[in-house]
Amino acid sequence: MSLFIRGAFIEGTPRSILIREGKIAALLPSDAPLPGPEDGEGGEAEAGAGVARVIDGAGLHAFPSFKNGHTHVAMVLFRGYGDDMPLMEWLQTRIWPAEGRLTEEDVYLGARLGILEMIRGGTTFFNEMYWHRPAIVRAVEEMGVRALVGCTLIDLGDPKMLESQQREMLDLAEGRIPIGDPDRVGLALAPHSIYTVPPDVLRWVGELAGRHHLPVHIHLSETQEEVDRCLEAHGCRPTVLLDRLGLVNSRLLAVHGQFLDEAELALLGEAKATLVTNPTANLKLATGGIFPYRAAREAGVRVCLGTDGAASNNNLDLLEEMKIAALVQKHREKDATVLPAREALAMATTTASEAFGLGRGGLEAGAPADLVLMDFSGPSTQPLHDPVSTLVYAANASHVHTTICAGRVLMHDGRVEICDEAEVIGSASEAIHRVLEGL
Ligand SMILES: [Zn+2]
C-alpha cells in the first residue's frame, strides 16, 4: 500500500509526503509530481501513478500522530459512571463491582470504543494496562493502531490467582503464548503498583523482564498515602524500593510520579527511566500533588504523557492532555516559560516514540508513517501564527482531519474508515448497560 499526501504544511512549509510499506519514503516539494510505479502497484487514484491513493493536504498541517503513554482503554465503558466522588468510595462502590462483571467480550467492545475515540483524536499508539489482554490485542489489530499491551499482575489476596497471573506472564515472556502482530503489538510486564504486588513478586518480574529485554509498566508514587505506607512498611520511598528490587532501569515505564523527591528523580534519571504524567486524572482524583516536571527533566528522566483511563479523565484526548500538562506546570513553577508548546508536543510524539520503541518519531524519511493532518481553518484555530502553539493550546480532537497509522488511513476528512463507527459505539454502550443492569 502506498500513499501520497500532496502539499500539507510541515512546520509551516508545504511539502508532499510519499508513504510506502508503512514508512515515510520521502518528503518532497509540494508541487512534486506523483511518483512513478516503483513497486508495481496500480494507480487507483490517477492512471499511471505509482501510488494507490492520493490525499489532498492543501491547507492542512501534518504532525506526528500522538502516543498515549498510559491508559486502561476499556475503562471508557465507565466514562461518567460515578464522577465527583472520593477515590476509595468511587473504587469500592462503583468501579470494582462493575469491573468484576466485565467479560472478555465486554473488554474487547470497550477497547474498540476507546481506540475509535483515540483515532478521532489523532492518537495511533497507547501503552495499556488492564485485564483480558487477548481482547485488547484483538481490538488493536482490528482497528489498525499500535499498542504496548501490558500483561497485568495484581495481588487481590488470592494466592492461586496471583500464581496463574505469573504463569501467564512467564508464558508470554517466553513466547509460549502469542503476543500479537509484531508490527503493531508489543508486550510489557505490568505489575499494577508497589502496594498491590508483593516485593518478592516484583523482584521476579524485574528478573523476567531483564532476561527478555521487556519493558515494565507500573503505577508509581500516585498518592502521598502510597509514599507514607511504603516508608512504614519498607523504610524507604517507592522508587528506592523498586530500585532495591531491580526494577529501576531504562526499560522502566513508571506512571504518575506525583510525589517523587530529588533522590528518587536522580535514581530514575541515572537509569534513563521513563515517567508518564497524567495530569487530568491526577487533578480529577484530587491527589493533591503536581508532577515535578522541571526537576524530572533536570535529573535526566524521559517524560511522556498519558490520559489514564477514561473513568478518571473523562476522555482519551492527547491534545487536551498536552494543554493541561503545560498549564499545570506553569502554575506549579509560577513561570510561564516552563513546558512550552514544543515540549508538550514532544512528550506526546517524539519522546514517546523513543520511550516505547516505536522508531523515529518525527516526520522524516524512514520514520514509521504514523501521522495526523490537522485542519486549522475554523474559527477557534484562526488566525494562525504558530501551528505548534495552535495545536497545543487551541486545538482539540475535532480539529483532526486525517489519522494515519503504519501507512494506513484510519480516518480521512473526519470519516473513520477502519470500522463501522455506529456499530462500535452501539455495541459498547449495550455491553456496559448489560454489565450494570445486575448491580
Ligand atoms: Zn492508571
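Trainee: Which residue in strand 8 is the bridge partner of Asn-127?

Mentor: Leu-148 is the partner of Asn-127 in strand 8. This is a predicted model, in which local features need pLDDT of at least 70 and side-chain atom pairs count only at pLDDT 80 or more, while totals for chains, interfaces and linings use all residues. Residues are numbered from 1 along each chain as its sequence is written, and side-chain values use heavy atoms, without hydrogens and water.

Trainee: How do you know that strand 7 and strand 8 pair?

Mentor: Pairing takes at least two DSSP bridges between two strands, strands being DSSP E runs of at least two residues, numbered from the N terminus. Strand 7 (residues 123–128) and strand 8 (residues 146–153) have four, in the parallel sense, so they pair.

Trainee: What joins strand 6 to strand 7?

Mentor: Four bridges do, and strand 6 (residues 66–71) runs parallel to strand 7. Thr-71 has Glu-128 of strand 7 as its bridge partner.

Trainee: What makes strand 7 mostly covered?

Mentor: Six of its six residues are buried (under 20% relative accessible area, with a 1.4 Å probe and protein chains only). His-70 and His-72 are both buried as well.

Trainee: Which atoms are the protein donors of the zinc ion?

Mentor: They are NE2 of His-70, His-72 and His-219, and OD of Asp-308. Their distances of 2.1 to 2.5 Å meet the limit for N, O and S donors, within 2.8 Å of the metal (3.2 Å for Na, K and Ca). Along the chain, the donors follow the spacing H-x1-H-x146-H-x88-D.

Conventions
Buried means under 20% relative accessible area, exposed over 50%, partly exposed in between (1.4 Å probe, protein chains only).
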